[in-house]
Amino acid sequence: MKIQERTGAGAGRSAAPAQPSVGDRLPTPPRERKPALAALAVLLILVGALGATMLVLQAGDRIEVVKVTKEVQAGESLEKSDVTSVMVAKDDSIHYVEWSQLATIQTYKAKSTIYPGTIAVGEMFAKKASLPAGKASVGLALKAGQYPSDIKAGDVVSAYRVGTTGSSNSSDDSTGSGGTSTSGGGALVDNARVNAVEDDSDATVSTGNLSLTLLVDQADAAALASAAAANEVAIVHVPGN
């Protein structure tokens with residue numbers, strides 16, 4: 001009886017399931033690989049690196065160009081004092097005037113007014129001066145007292161018709177100083193721009209005479225030219241110079 005009990009007890013113990021040891025791990029399912037996503041990630045990295053490289057190369061490809069610092073009127077040429085040099089990114093679609101081309105571009109004329117802060121491009125200039133649409137250029141030969149002493153190219157002026165003290169209406173309008181007197185109430189030209197003034201080194205300046213060119217509306221050109229031919233024009237500055 002005892003032998004059978006021990007045998008039965010041993011059989012019962014062997015039938016119980018064995019417990020896993022503490023150090024063993026449960027098996028994990030195999031990781032699913034996605035080669036398409038990996039290839040896409042690599043491609044994006046390459047594209048980003050290429051874009052950064054292009055930006056660096058473009059930033060480094062710069063040229064020295066002409067920048068206008070003073071207003072240049074239509075028909076005028078650039079002076080060295082009117083410009084400075086700046087660096088810009090090179091762009092073959094923009095015809096920049098490079099700093100090395102300054103001496104060449106100074107032989108050309110501005111097609112229209114060029115304002116300070118403008119980067120000069122070739123399309124702004126022509127070999128010969130051309131007038132803006134609706135404008136006319138009128139030359140004047142003035143005597144001392146018929147123009148401001150500080151007049152210069154670019155000034156905005158008004159032109160008045162005047163008569164000498166020997167004219168028919170001198171008894172009414174004479175200045176009493178042997179100079180000029182107004183013979184009309186209104187201006188021949190309200191706003192004209194001085195395009196050119198005779199160089200100060202010219203011998204005629206010492207006599208007090210001055211030659212200048214005004215840019216005026218075509219409608220005002222005939223009256224101004226007629227008064228200029230009779231030497232009956234006086235120039236005055238207007239506000240805004």
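Student: How confident is the predictor in this chain, and how do you know that?

Tutor: The protein chain averages a pLDDT of 76, and 70% of the residues score at least 70; pLDDT is the predictor's confidence in each residue, from 0 to 100. This is a predicted model, in which local features need pLDDT of at least 70, side-chain atom pairs count only at pLDDT 80 or more, and totals for chains, interfaces and linings use all residues. Residues are numbered from 1 along each chain as its sequence is written, and side-chain values use heavy atoms, with hydrogens and water left out.

Student: Where does pLDDT stay under 50?

Tutor: Over residues 165-183, for which the model has 25 contacts beyond four places in sequence. Contact here means heavy atoms within 4.5 Å.

Student: Why is the pairing of R193 and E71 called a salt bridge?

Tutor: A salt bridge is a side-chain nitrogen of Lys or Arg within 4 Å of a carboxyl oxygen of Asp or Glu. R193 and E71 have their N to O at 3.5 Å, so the pair meets the definition. This pair links distant parts of the chain: R193 sits in strand β7 (residues 180-197) and E71 in the loop between β1 (62-68) and β2 (83-89), 122 residues apart. Helices (H or I, at least four residues) and strands (E, at least two) are DSSP runs, numbered from the N terminus.

Student: How many salt bridges does the structure hold?

Tutor: There are 4. Among them is E232 with R161, 3.1 Å from N to O. That pair too links distant parts of the chain, with E232 in the loop between α5 (218-229) and β9 (233-237) and R161 in strand β6 (residues 156-164), 71 residues apart. D155 and K152 form another, at 3.2 Å.

Student: How do you know that the buried residues of α5 lie on the same side?

Tutor: In α5, A221, L224, A227 and A228 are buried. They cover an arc of only 145° around the axis, which puts them on the same side of α5; the arc is that of the directions from the helix axis to the C-beta atoms. On the other side, A219, A222 and A229 are exposed.

Student: What makes a set of residues a nonpolar core?

Tutor: The set consists of buried Ala, Val, Leu, Ile, Met, Phe, Trp, Tyr and Cys residues joined through side-chain atoms within 4.5 Å. The largest has 22 residues, and L140, I151, L214, V216, L224, V233 and I235 touch the most other members. β5 (135-142), β6, β7, β8 (210-217), α5 and β9 each supply at least two residues of this core. Apart from it lies another core of 12 residues, among them V68, V83, I114 and A120. In soluble globular proteins, nonpolar side chains tend to be buried together.

Student: What makes the phi of N231 worth a look?

Tutor: Phi of N231 is near 55°, a positive value in a residue other than glycine. Most residues other than glycine have a negative phi. N231 is found in the loop between α5 and β9 and, at 26% relative accessibility, counts as partly exposed.

Methods
Buried < 20%, exposed > 50% of the residue type's maximum accessible area, 1.4 Å probe, protein only.
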